Amino acid sequence: MNRDWKNLFPSRRMIFLGAGGVVFLGLTARLAELQLFRQQEFETKAREVRIKLEPAPPHRGTIYDRNGRELASSKRNFYVTLRPEVAGKTREEIGKVIERVGRLLRLSESKMRSLLQEAVAGPRHRDILVADDLTWQEFAQVNVMAPELAGISAEVGELRSYPLQAAFYHTIGYVQKANEADITRIVEQELAAANEAPESPEGKARAAAIRRLYKHPAMRVGKQGIEAYGEAELKGEPGRIRLLQNATGRVIDRLPSEDLAGRPGKDVVLSIDAELQNFAIQRFGSDPHARAGSAVMIDIATGDVVCMMSTPAPDPNLFVSGIPSGPYKALREAEENPLYHKAYDGVYPPGSTFKMVVAAAALESGAMKPEDQVHCPGKAWYYTRYYNCWRPEGHGVVNLHTGLQKSCDCYFYKAAERTGIEEIAKVAKRFGLGHRYELGITGGKSGVVPNNEWKLNNPRIRERWYPGDTISAGIGQGYVTATPFELAVMVSRIAGGPSTPNPRLIMSGFKVPDSTITPMGEFKPGVLEAVRAGMFAVTSEGGGTAVRSGELDPEGKLPAPYTNARMAGKSGSAQVRVITAAERDSRGRAIANDKLPWKLRDHALFVAYAPTDKPRYAVSVIVEHGGSGSSVAAPIARDLLAHALRHDPGARKPFVPQQRDVAAADGVQPT
Amino acid sequence: MIRKDTLLYKLTQLHWFLLLTIIAMAMFGTLILFSAGSSAHDLETGLLRIDPRFAIDHLFRFTVMLGVMLFVALLPLRLWASLAYPAYAIGVALLVMVDLAGNIVNGSQRWLTLGPLTLQPSELMKIAVPLALARFYHQMFAAGRSGLWIHIVAFVMVMLPVGFVLKQPDLGTSLMILGAGCGVIFFAGISLRLVAGIIVLVAAMAPLVYYFGLHDYQRERIQTMWNPEADPLGAGYQLQQGMIAIGSGGLAGKGFMEGAQKELDYIPEQHTDFIFTIVAEEFGFAGSMVLLAAWAIAIVQGMVIAGASRSAFGSLAASGFIVTLLLYVGINVGMVIGLLPVVGIPLPLISYGGTAIVTVMIGFGLLMAVHLNRANDMTLRGLI
């Protein structure tokens, strides 16, 4: 047996352990050098001042109306922040500082309490907002007192302001301080846009940067409307300020940093005409019957949405610095639903305004000819029951023209029965119903264009289509619903024909693709003409439901080319409750609306366009619980159309915002 | 009196001193990892923040591996000798597969997915190479063979896996396999003159390797080591921040969970390869010395075990593993304190992460098996 290795092993082991000893000695020596002899140096380094970049909120893009009027802009904002770690170590110390500054700024007790809570609970090195939107006097006062108020600093920044107040609350929305949910959402969106994984180093860095930016006391986030939809574009790129910081993260000073300016957010131009919008709001406001409602007007020639209002509306400026919970609760619980975008989110039975769809479908499918006559005795029996006409006395013999003119329900029961729901649904889609229009606003709903498939697939119904459903649909009741916006599109398509451009709200600033809009397509000759003639008869021929409100320009005062322009339209009333037989009087008439509580009255609708010879503006008006469409909604629609013709927003060249410096430096010329 | 062939007897014969040293180090590691996730004064809130996830994971892994270690220790050493060649062969085969079909992580092809398993075969080789070499020498010595050629064969056996691992590229692991293999050859009695000659040759070749044999990033790391201040935001950043943490710890350290540097995320991978910075910052020079002393004790104990084994296989396998241990500690601490370039070598039993602890605990198990079987000179009969 070879014993060489065994004899050698002890000496080899000594050599190895000797080498190991040298290694450990080397490590020990180095550690001694670093920790014992150079400790001072490293301790200093640990406290050493270093420069850290922190985001500075960028200038938020302005939102203009089509004429360049500022709808959402940034005003100078004096605000006061508190840095808890400088204010003090204990709750009492911080509380004292908050109390002193609170007295100076006359903050409420509850506000001071919530500030103290925020200061104690949150990260202590991060500034919290004490108050903003201060007057110059308040700002100056805090500035003077600042040396005595540890951790308090008075700053100048920008704050969103909405000069037209409530007029654009629903469409533009508002900004507010970002909460955790907002930040999480934005991080997700921006990571998806940059195609970065949340776990990757770049993704983490981006998420951290977004988080820091939105935690900045002067930074706001779009909460709804265009402000929320266009957040990425409106926001811009944050600049950075240089902070002197030691290794423990304490900020020592701020350095000027013009070279680190951010990119301002994009300006957005809306197709809406603020003047027209304001007029609509005042028109609603001055009408005692119109407590709540909405109006949408579309320029038929361009598709521009020139008016889109919902009333009543709160002032978005109230929200920017945080609205107290009391007033907010009142807004949320008000029966007029002021927080709700009735034009875009409100889904209503279209009532008789749907009769154009049925008429067009009947003609297009060949189920009815224009001259086909229907006898109206005031009610008609279909399948299992009577269906009432709105006029218990009946309309006698009616055809398509007089049916539309007098809004005879019996005619449309018959037309619907003969046409069938599938054909009606097809035409409804071609008229632009049943679609959520992507406008660049958050929210938005699509009304229902029902058919057999829809009913079978609807998780809450799951039944086949019954023939009786078609009869109800014939007068825009039953399952049929539409938003005022959809109704405006419908009228613009009826008036403008197949070449009508799709509606748009954002003229510049960001793109809003909407690829799923159903095209209108060509109708058989005479179909649209017959429908238009019927709508014209509504406002202009004796016996028309809205003939009393059908005169656009009785005195010939409208400017050319609209002098003596005529309008065409259609009224509608949408029941908000089922009328039982007990509620009808002996003659079959339902209880008059004005005797019912407001909440139970019918919605009043009117859709119209003008001028009839060369249609330019289409409008849809809904007055919630306004009662009769022809007597409440029609005059409003008439006044809006008249004002639109007088003012003619579509005729003026749309506003193009000035490019800001940064873009100009890139070689983009201001246009 | 306990009968000598029972499991209970074997347990009483375990090297308890070494076992306690290992357990003590793993507990210290758990404590440090608890601190790595926690903070006495969180920078965001200023309050105590506790995140024991690293520590719990570590403790769990260690407990599982302690069981594995005892299992390895209590099986007959003969069995491990029998498994040495197959383990080596499988390891080399897996390395070839990694080369052909491995997963690329962080630019290196180190991992192999086999069904539900994800393996890092290079890790296996840290154990398999010394084992196979020990088995080889054991056989050669038993057959009465000696001479330079057996060392050359052994060296080829080392270089085969080293070449594959280097190609991945994984400089740290390949150096460790090379070190462990060369260690076994050294203990097997290769002429010291030859060793000296090779060392001189390697020293002479070093500049050539530096300029032609290394990847750019590897060269960069070496440059960074000499001059970390040159690039404070790039590669030297981690190193410099680590050194600030260590240096500012001073003699006694800042105290448990009081380390400030970890707060700022200045030191990436602080809970894995740079864990020593927390030890040094929070427990100071004294704490660092205690940890290094514990490792020194483990290494010396290991060498005592290696020397006490009557079989060449036991002695050499144990020695090879001890060389691996010394390399782990020396390279990891050396790179953290700026004596060596940064290579991805963790500090076993302290660093967070599963791979090193598996290797080291299996190695300790073998060491214990060598200790239990020290009286057995293991004739070749019965070896598969």
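## Salt bridges

The structure holds 41 salt bridges, counted over all chains. The model is a predicted one. One of the salt bridges joins A:Glu180 to A:Arg211, with 3.1 Å between the closest N and O atoms. A:Glu180 belongs to helix 8 (residues 180-194) of chain A and A:Arg211 to helix 9 (residues 201-215) of chain A, so the pair ties together parts that are 31 residues apart in sequence. A:Glu180 has a relative accessible area of 39% and is therefore partly exposed. A:Arg211, at 30% relative accessibility, also counts as partly exposed.

In chain B, a salt bridge forms between the side chains of B:Asp99 and B:Lys167, at 2.8 Å from N to O. Because B:Asp99 lies in helix 4 (residues 77-101) of chain B and B:Lys167 in helix 6 (residues 148-167) of chain B, this pair ties together parts that are 68 residues apart in sequence. B:Asp99 is partly exposed, its relative accessible area being 28%, whereas B:Lys167 counts as exposed at 54%.

## A buried partner and a network

B:Lys254 and B:Glu281 meet through their side chains in a salt bridge with an N to O distance of 2.7 Å. This pair links distant parts of the chain, 27 residues apart: B:Lys254 is in the loop between helix 10 (235-249) and helix 11 (275-308) of chain B, and B:Glu281 is in helix 11 of chain B. With a relative accessible area of 29%, B:Lys254 is partly exposed. B:Glu281 has 1% relative accessibility, which falls under the 20% limit, and counts as buried.

Salt bridges can also share partners: A:Arg30, A:Glu33, A:Arg38 and A:Glu41 are joined in this way into one network.

## Aromatic pairs and charges over rings

Over all chains, the count of aromatic pairs comes to 31. In the pair of A:Tyr344 and A:Phe485, the ring centres are 6.3 Å apart and the planes stand at 75 degrees, so the pair is edge-to-face. A tilted aromatic pair is formed by A:Phe431 and A:Phe523, with 5.5 Å from centre to centre and 45 degrees between the planes. A:Phe431 lies in the loop between helix 19 (421-430) and helix 20 (452-457) of chain A, and A:Phe523 in the loop between strand 17 (506-508) and helix 23 (527-540) of chain A, so the pair ties together parts that are 92 residues apart in sequence. A:Phe431 and A:Phe523 are both buried.

One aromatic cluster includes residues of chain A and chain B, being formed by A:Phe9, A:Phe16, B:Phe186 and B:Phe187. Charged side chains also sit over rings in chain A. The charged end of A:Lys379 is placed over the ring of A:Tyr386, 4.5 Å from its centre, and the charged end of A:Arg385 is placed over the ring of A:Tyr387, 3.9 Å from its centre.

## An open sheet in chain A

Chain A contains an open sheet of 5 strands in the order 12-11-20-19-18, with antiparallel pairing. Strand 12 (305-311) and strand 18 (568-574) of chain A stand at the edges; each has a single partner strand, so one side of each is left without a neighbour in the sheet. Neighbouring strands of this sheet are turned by 10 degrees against each other on average, direction ignored.

Strand 18 of chain A is joined by 7 bridges to strand 19 (residues 603-610) of chain A, and the two run antiparallel. A:Ser573 stands opposite A:Ala604, which is in strand 19 of chain A. Helix 23 of chain A lies across strand 18 and strand 19 of chain A, and runs at about 75 degrees to strand 18 of chain A.

## Chain A as a whole

The secondary structure of chain A comprises 25 helices and 20 strands. Of the 671 residues in chain A, 53% are buried. Among the contacts in chain A with a separation of 6 or more, 77% are between residues 24 or more positions apart.

Notes:
Residues numbered from 1 in each chain as written. Chains lettered and ligands numbered in written order. Predicted model: local features only at pLDDT ≥ 70, side-chain atom pairs only at ≥ 80, totals over all residues. Heavy atoms only, no water. Phe/Tyr/Trp six-rings, centres within 6.5 Å; stacked < 30°, edge-to-face > 60°. Helix = DSSP H or I, 4+ residues; strand = E, 2+ residues; numbered from the N terminus. Buried < 20%, exposed > 50% of the residue type's maximum accessible area, 1.4 Å probe, protein only. Lys NZ or Arg CZ within 6 Å of the ring centre and 35° of its normal. Pairing = 2+ DSSP bridges. Axes fitted to C-alpha atoms, helices over the stretch in contact; angles between N-to-C directions. Contact = heavy atoms within 4.5 Å. Salt bridge = Lys/Arg side-chain N within 4 Å of Asp/Glu carboxyl O.
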